[in-house]
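Keep the structure open on your screen as you read.

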Amino acid sequence: MINYLYQEKNWQSQLSDLITDPLELLEILQLSPEQLLSGAILASEQFKLRVPRAFVARMQKSNPFDPLLLQVLPHHLELEEHAGFVTDPLGEEAANQLPGVLHKYKSRFLLTLTGACAVHCRYCFRRHFPYQENLPKNEDWLNIKNYLENNPDINEVILSGGDPLTLSNRKLALWLERLASLKQIKILRIHSRVPVVIPNRIDEELVSLLKNSRLRVILVIHSNHPDELDDVTCAQLTHLAQQNILILNQAVLLKGVNDSAQTLIDLSHRLFDAQIMPYYLHVLDKVKGAQHFDLESDQINQLYNEVLASLPGYLVPKLVREIAGEKNKTPLYGVSTF
Ligand code: SF4
């Protein structure tokens, strides 16, 4: 019933009606306020709760361990200090060449056009990223263009998060046009969790924009658990895939959320049914506040071996870790400890 209601609302109204109060979230899910142990409200002040109602509608009522809920509910353990868990685990400050620009890999260039996300994932490696000081203004385009022209090896631009699909179609169209005007750019990749948490974001205007671009567009969604992919979400994504937009999925391995081989296997099948290919399975980036999602490397190896033994190769996402300063993501399969 709740799902039906949210299908009827456009994505802009859903984005302006997010749940930001942990107590309201618990009430909707018929959970007691005691679920928020002392410290959780403070954790929420440090990294605010944000979750769309369409995503909450997929959570199980009265289940404090629901895998979707655990990804968004502030937790008192976020306040703990743990050795090795830092505010900038991927060393992005060093790769921050211009406002909004991260140049980490030779042929790819990451552009952050907004600091806003539709959902705040508690494990996000950018949860401490200083977006407000680091967003490109309109007049920064010329500097970005010069930077690209001075780096002719770059042929792919990645719009990343904050979440680029929180931007209006008009703003996206402007940036697509700018990037498409540079001959060296062949591929535009959009990293977004919005199509999963607010599936109505894939409106016809966006579909038309992406399919008519000169650039080859790849959408990389972020889904960690098959329960996130309900029928409405899958139908919207399949519609986009049928317009010749390649859709890939990246997931993060999270304790208590998707740390079972069967969950990962089901996720791959669910994605494939919706015409989405599994792409990456990331081990957790060691960001301060997310240590309670971390898994031991032995457990990860065991899980991944089970996934490999159960799925055809094309449905197995690559197990990787991003290491600050490395020229590419580091594959982990076959590595005994990491
Ligand atoms: S950038 Fe992605 S992972 Fe991080 S909070 Fe936003 S949607 Fe979640």
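Start with phenylalanine 272, which counts as partly exposed because its relative accessibility is 38%, between the 20% limit for buried and the 50% limit for exposed. Bear in mind that this is a predicted model.

Phenylalanine 272 has a partner. Together with tyrosine 314 it makes a tilted aromatic pair, with 5.7 Å from centre to centre and 50° between the planes. Phenylalanine 272 sits in helix H13, while tyrosine 314 is in the loop between helix H14 (297-310) and strand E9 (318-321), so the pair ties together parts that are 42 residues apart in sequence. Overall, the structure holds five aromatic pairs.

Rings also meet charges here. Arginine 201 lies over the face of tryptophan 11, at 3.8 Å from the ring centre. You'll find a second case at tryptophan 175, where arginine 178 lies over the face at 4.7 Å from the ring centre.

Now for the backbone. Glutamine 275 is partly exposed, because its relative accessible area is 39%. Glutamine 30 also has a positive phi without being a glycine, this time near 55°. Look for glutamine 30 in the loop between helix H3 (22-28) and helix H4 (40-46). With a relative accessible area of 53%, glutamine 30 is over the 50% limit and so counts as exposed.

On to the empty space. Rolling a probe the size of a water molecule over the atoms shows where empty space is left. How many cavities of 30 Å³ or more does a search of the whole structure find? It finds two. The largest cavity has helix H13 (261-273) in its lining, with strand E7 (246-252) and strand E8 (277-282); each of these supplies at least two residues. Among the lining residues are Asn249, Leu264, Leu267, Ser268, Leu271, Tyr279, Tyr280, Val307 and Pro317.

| Space | Volume | Lining by class |
|---|---|---|
| Largest cavity | about 80 Å³ | ten nonpolar, two polar, no charged residues |
| Largest pocket | about 970 Å³ | 22 nonpolar, twelve polar, ten charged residues |
| Second largest pocket | about 360 Å³ | eleven nonpolar, five polar, one charged residue |

Take the largest pocket, at about 970 Å³. Its lining has 44 residues, and the closest to its centre are Phe125, Arg126, Ser160, Gly161 and Gln250. Strands do a lot of the work in this lining: E2 (101-105), E3 (108-112), E4 (156-160), E5 (187-192), E6 (216-222), E7 and E8 each supply at least two residues. Which strand gives the largest share? That's E2, with four residues.

The second largest pocket has a volume of about 360 Å³. Of the 17 residues that line it, Pro64, Phe65, Leu70, Leu73 and His75 are the closest to its centre. Why does this second largest pocket lie between domain 1 (2-79) and domain 2 (92-331)? Because both domains give residues to its lining.

Notes: Residues are numbered from 1 along each chain as its sequence is written. This is a predicted model: local features need pLDDT of at least 70, side-chain atom pairs count only at pLDDT 80 or more; totals for chains, interfaces and linings use all residues. Side-chain values use heavy atoms; hydrogens and water are left out. On a 1 Å grid over the protein atoms alone, a cavity is a set of points where a 1.4 Å probe fits but cannot get out, and a pocket is an open set with protein on both sides within 12 Å along at least five of seven lines; lining residues have an atom within 4 Å of a point. Grid points are joined across faces, edges and corners, and a volume is the space filled by probe spheres set on the points. Ala, Val, Leu, Ile, Met, Phe, Trp, Tyr, Cys and Pro count as nonpolar, Asp, Glu, Lys and Arg as charged, and the others, Gly among them, as polar. Domain bounds come from an automatic or database domain assignment. Rings of Phe, Tyr and Trp (its six-membered ring) pair if their centres lie within 6.5 Å; planes under 30 degrees apart count as stacked, over 60 as edge-to-face and the rest as tilted. Buried means under 20% relative accessible area, exposed over 50%, partly exposed in between (1.4 Å probe, protein chains only). A charge sits over a ring if NZ of Lys or CZ of Arg is within 6 Å of the ring centre and within 35 degrees of the ring normal.
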